[in-house]
Amino acid sequence: MSIELLIENYGLLAIFLGAAFEGETAAFLGGVIAHRGLLPYWSASLAAMAGSFAGDQFWFFAGRYAARWSLVRRLMEKPALARVTQLLEKYPTGFILAFRFLVGLRTISPIVIGTTRISTGKFVVLNAIAALIWGQLFTALGYLFGHGIEQILGHLSLHRHLLIAIGAAAVVAAAALAFRKMRPSAGHS
C-alpha cells in the first residue's frame, strides 16, 4: 500500500489523533498533505480542530473528575503548574483561549482548568473557539509551507516533501522550546 493511499484512507484520522495528542506538527502536516491534493484542505483543518478540541476536553475532564489518576497527579507535579495557575487566575478567559499556543503548557493547562470553578460550559465554548482558530492557523501554515517548498524546490516526491515538513516542524519546535527555556533565566538577570 502506497503512502498516498494510506493518507487518503487514514489521513484524517491521523490528523485528528495527532492534533489531540501531539499538536502542531499533525495540523501542520495536514496542511502539507492538503497542499499535495491528497485530502481537502477544509477536511484536514477540521480534523485538526476536532482533535485539538477533543484532546483538551479529555484533559479538562481528567482534571475535573480523575484528579486521583496517577497520570493526572504526575502532570500536576510539573514545574509549569505554578505558571499555569498564575496566568489562569489573572486572565481566565484569555488564558483558556491562548494556552494551546503557549509552548510547554498545552497538556497541563486543561487539567488545571478542570480543577477550578470554571464551568464546563464556559470551557467547552472557549475551547471550541480556540481549537477552531488553532486548527485553521496551523493547517494553513502547513499548506503555505507546502506551497513554498514547491515554489523553491519544484514538485518533490511525497516522501521528500513530508520529510522536509517534519524537519521544519522539528526545528520550529526546538527553537520555541529553547526560547521558552531561555526566557525565565533572562528575567532573573
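Is Phe 60 buried or exposed in this model? Phe 60 is buried, with a relative accessible area of 0%; buried is used here for under 20% relative accessible area, exposed for over 50%, and partly exposed for what falls in between, with a 1.4 Å probe and protein chains only. Here are some notes to read beside the structure.

1. Ground rules. This is a predicted model, in which local features need pLDDT of at least 70 and side-chain atom pairs count only at pLDDT 80 or more, while totals for chains, interfaces and linings use all residues. Residues are numbered from 1 along each chain as its sequence is written, and side-chain values use heavy atoms, with hydrogens and water left out.

2. Overall fold. The protein has nine helices and zero strands, giving the pattern α-α-α-α-α-α-α-α-α along the sequence. Helices (H or I, at least four residues) and strands (E, at least two) are DSSP runs, numbered from the N terminus. Of the 189 residues, 39% count as buried.

3. Thr 115 sits in the loop between α7 and α8 and is partly exposed, at 43% relative accessibility. Met 76 lies in helix α4 (residues 70-76) and is partly exposed, with a relative accessible area of 23%.

4. The salt bridge. How many salt bridges does the count come to? The count is one, taking a salt bridge as a side-chain nitrogen of Lys or Arg within 4 Å of a carboxyl oxygen of Asp or Glu. The partners are Asp 56 and Arg 100, whose closest N and O atoms are 2.7 Å apart. Asp 56 is in helix α3 (residues 41-65) and Arg 100 in the loop between α6 and α7 (108-114), so the pair ties together parts that are 44 residues apart in sequence. Asp 56 is buried, at 2% relative accessible area, and Arg 100 is buried too, at 1%. As background, side chains of opposite charge can pair when their charged atoms come close.

5. The nonpolar surface patch. Leu 97, Phe 101, Val 125, Ile 129, Ile 133, Leu 137 and Leu 141 make up a nonpolar patch on the surface, with about 560 Å² of accessible area together. Such patches are made of residues with over 30% relative accessible area and no salt bridge, like charges being joined within 9 Å and nonpolar side chains (Val, Leu, Ile, Met, Phe, Trp, Tyr) within 5 Å. The areas come from the Shrake-Rupley method with a 1.4 Å probe, and for residues only the protein chains shown count as cover. Helix α8 (residues 120-153) gives the most to the patch, with five residues. Leu 97 is in helix α6 (residues 92-98) and counts as partly exposed, at 30% relative accessibility.

6. Trp 134 lies in helix α8 and is buried, with a relative accessible area of 0%. The C-alpha atoms of Trp 134 and Phe 53 are separated by 9.7 Å, and the two residues are 81 residues apart along the chain.

7. The second largest pocket. Its lining includes Leu 6, Tyr 10, Gly 11, Ala 26, Leu 29, Leu 162 and Ile 166. The elements giving two or more residues to this lining are α1 (3-21), α2 (24-35) and α9 (158-187), and α1 supplies the largest share, six residues. A pocket is an open set of points on a 1 Å grid over the protein atoms alone, where a 1.4 Å probe fits, with protein on both sides within 12 Å along at least five of seven lines; lining residues have an atom within 4 Å of a point.
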